Amino acid sequence: QVFNQHNAKAPSLEQAFHRMAQLEPNLDHDVSWFLLPSYWAKMVVALISFLCFANSYDGDFVFDDSEAIINNKDLRAETPLGDLWYHDFWGSKLSSNTSHKSYRPLTVLTFRINYLFAGGFYPVGFHVINIILHCTISVLMVDVFSILLGGLQFSNKGRRLNLAPKSSLLAALLFAVHPVHTECVAGIVGRADLLCALFFLLSFLGYCKAFRENKEGHTFSVFWVLVSVVLGAIAMLCKEQGITILGLNAVFDALVINKINLLELIRKLLYKDKALESVGLLRKGLLFRITLLMCGGASILYIRWRIMGTGPPAFTEVDNPASFADSLFVRAINYNYYYSLNAWLLLCPWWLCFDWSMGCIPLIKSVSDWRIIALAALWFCLIGLICQALCSEDSRKRRILTLGLGFLIIPFLPASNLFFRVGFVVAERVIYLPSIGYCILFTYGFSLLSKQAKKKKILAVAVLGILLINVMRCALRSSQWRSEEQLFRSALSVCPLNAKVHYNVGKNLADKGNQSAAIKYYREAVRLNPKYVHAMNNLGNILKERNELHEAEELLSLAVQIQPDFAAAWMNLGIVQNSLRRFEEAEQSYWTAIKHRKKYPDCYYNLGRLYADLNRHIDALNAWRNATVLKPEHSLAWNNMIILLDNTGNLAQAEAVGREALELIPNDHSLMFSLANVLGKSQKYKESEALFLKAIKANPNAASYHGNLAVLYHRWGNLDLAKKHYEVSLKLDPTAPGTKENYNLLRRKLEQLQKKGG
């Protein structure tokens, strides 16, 4: 190749780097692997990454998807786009005390676009975008690994050269098929990590472009450095980890572009050697570029801090028990144990779980705990790698190991608990980016083994076997993420001590109507975590429906005792107390729930039912009116208002409320039915008939709809139609109250008419 040479006496930084790189042996020389042209290598990576996760395309919304997507008002068109910049990932205001403080407006924006294009909450489109993103990232990895493993060089035409095509292909394949990525790809909420990774890599590649020598002979481009900072900011607006790319760009600049020997630099700093220029610290442009990166990062963090506010997110002990330990020793030991678990997931991603909290990983409280071995193993490996990265005489080895460790550790720092408490113990999604470092280290280790091995083909076959196993594991894990039932049940064998796993299995069973099985799992969740108020609340609800009221009351009372501001438990306790005819206590419980959650339409609805039972009709109507103000589509509250006004003879008011309700919820057949009854009593037969028929069209198997329409026809004198609908009603429900008597009256009347006619 021919390279630009502007001044033979004063070579550019790029040319100097090129000549130095030529002195290093090529990494691919030692790697026994496939050599493919760049285009084909990227095609292979894209295809294999697609095959790994393709079966997740038609999965449901699972686990956190419900809160982040289905229940997130920021996805709906009525929410102003500007609100996304002041809300957290879950749609809550960042200024709220209950906010998670996860600020990812660009990720939420992509969810909103998905929702608008699909015309609703259809998960296929969401899943397809996630799969495409992972394939795109995996393809970009070919270029990224070629730089990290082979170095950065450009041809005389300004085209970047791939000096490690075999190694970069292997590393990209390892990344593409790693099973730990399944949560990010198959779980829609994982899009935050995917988008963050995409702009993270684009920022890195943009920074590399800054060193492509231009026509004026400048050794770097300020424009591309600034582009890199902007892309880093975009990555952070997708997920918090994105900001770490600025630090990695600085490390890359120092190690690859300026070839600083860290050990030599440390020695000179310790001995206050003034000849720092010889190790590259003060070379032209390095400090300027690092200053740009630091200023950009500080500005991004400041703006984020201003938007988010100063208050940290409020996490509970069950989310991250180690961070609540009183002893600094216990916290440090357990944090390090968590790091070792993350490292193990990268090495052996066989035991995967959607949630690792709530007792899944018991705290280490003593040095006699055998799990201390994992910490020792982790630090033994890390210290060994760090020593090699600093002390090796092989410059290529120093560079690759340092970059591998940098990409492994730096993106993980926001999840490390070192700077602030995080809301999880272990989370597979947060090692999406750190797995880049793992792939670098694995590939370099493979090259060392290949260099020593006599039978290189056997080693290559072994690596192929690892890739194939990972592909199958990805496909299996993706299928488990397709539905909540499969996902939750898959966690039972991995984390049998995790109360949340049992809770979610129970909730899934309860949603499907299998209450008996749900009770078993809820009880186990409460046994594993006696302070698990959500499990107590759900178990109390099921027991209430099964009329086991006293045990339900005990559970709900305990839940509000543990968490006094648990509004849902207070409301459910009120329902149980109402069923036990302890009305004063029930009223007090309802008002306590409303005190802790002022906008609580369901609680106002239940309060209205209590007042109706006590014949406090005005209070009941006011409570239901409050429910409909807070939630205009609250059909039950509207219906109860219509029925109460109807039963108390206020037909005109009942009609007005019914019409108001149908304007807001025009397709609700129960409202049509209630208003039709009122209109029938007001002798507005034609309008009443139309509403009854519309309600029957929407719900043709409702016996009461046919029965009441028959009563309308009976009053109206349309006896044949009355007979027809009485018969339909009795066919649907032979025990329907009053219908049989009315039908018999009609038959006698018809018989009398026949006799008169005869």
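## Overall picture

A residue counts as buried when its relative accessible area is under 20%. By that cut-off, 53% of the 758 residues in the protein chain are buried. The model is predicted.

The chain has 33 helices and 0 strands. Its C-alpha atoms fill a box of roughly 125 × 55 × 50 Å along the principal axes. The accessible surface comes to about 35,900 Å², and carbon and sulfur atoms hold 60% of it.

## A covered helix

Helix α29 runs over residues 669-681. It has 13 residues and reaches 19 Å from its first C-alpha to its last. That is close to the 18 Å expected at 1.5 Å a residue.

How many residues of α29 are buried? The count is 10 of 13, so the helix is mostly covered. Among the buried ones are L671, M672, F673 and L679. The cover includes α27 (635-647), α28 (651-664), α30 (685-698) and α31 (703-716). After α29 comes Q683, whose phi is positive, near 65 degrees.

## One disulfide

A disulfide is a covalent bond between the sulfur atoms of two cysteines. This structure holds 1 disulfide. Its partners are C360 and C495, with sulfur atoms 1.8 Å apart. The pair links distant parts of the chain, 135 residues apart. C360 sits in the loop between α13 (328-347) and α14 (372-391). C495 sits in the loop between α18 (484-492) and α19 (499-511). Both ends are covered: C360 is buried at a relative accessible area of 12%, and C495 is buried at 1%.

The cut-off is 2.5 Å between sulfur atoms. C184 is buried, at 1% relative accessibility. C348 is partly exposed, with a relative accessible area of 24%.

## Salt bridges

Side chains of opposite charge can pair when their charged atoms come close. The structure holds 27 salt bridges. In one of them, E551 meets R523, at 2.7 Å from N to O. E551 lies in helix α22 and R523 in helix α20 (residues 515-528), so the bridge ties together parts 28 residues apart in sequence. E551 is partly exposed at 28% relative accessibility, and R523 is partly exposed at 35%.

Another bridge joins R625 and E660, at 3.1 Å from N to O. This pair links distant parts of the chain, 35 residues apart. R625 belongs to helix α26 (residues 617-630), and E660 to helix α28. R625 is partly exposed, with a relative accessible area of 27%. E660 is partly exposed too, at 33%.

R659 pairs with E655, and their closest N and O atoms are 2.8 Å apart. The two lie 4 residues apart, about one turn of the helix. An α-helix has 3.6 residues a turn, so residues three or four places apart point the same way.

Are R659 and E655 buried or partly exposed? R659 is partly exposed at 31% relative accessibility, whereas E655 is buried at 11%. The pair belongs to a network of salt bridges that links E655, R659, K684 and E687.

## A nonpolar patch

Seven names make up a nonpolar patch on the surface: W344, L347, W350, W351, L468, I469 and M472. Together they have about 800 Å² of accessible area. Which helix gives the most to the patch? That is α17, with 3 residues. Both α13 and α17 (456-480) supply at least two residues each. W350 is found in the loop between α13 and α14. W350 is partly exposed, with a relative accessible area of 45%.

## A loop residue

D565 lies in the loop between α22 (549-562) and α23 (567-579). D565 is partly exposed, at 46% relative accessibility. D565 and A698 are 133 residues apart in sequence. In space, they are 40 Å apart, C-alpha to C-alpha.

Technical notes: Residues are numbered from 1 along each chain as its sequence is written. This is a predicted model: local features need pLDDT of at least 70, side-chain atom pairs count only at pLDDT 80 or more; totals for chains, interfaces and linings use all residues. Side-chain values use heavy atoms; hydrogens and water are left out. The expected span of a helix is 1.5 Å times one less than its number of residues. Buried means under 20% relative accessible area, exposed over 50%, partly exposed in between (1.4 Å probe, protein chains only). Contact means heavy atoms within 4.5 Å. Patches are made of residues with over 30% relative accessible area and no salt bridge: like charges are joined within 9 Å, nonpolar side chains (Val, Leu, Ile, Met, Phe, Trp, Tyr) within 5 Å. Accessible areas come from the Shrake-Rupley method with a 1.4 Å probe; for residues, only the protein chains shown count as cover. A salt bridge is a side-chain nitrogen of Lys or Arg within 4 Å of a carboxyl oxygen of Asp or Glu.
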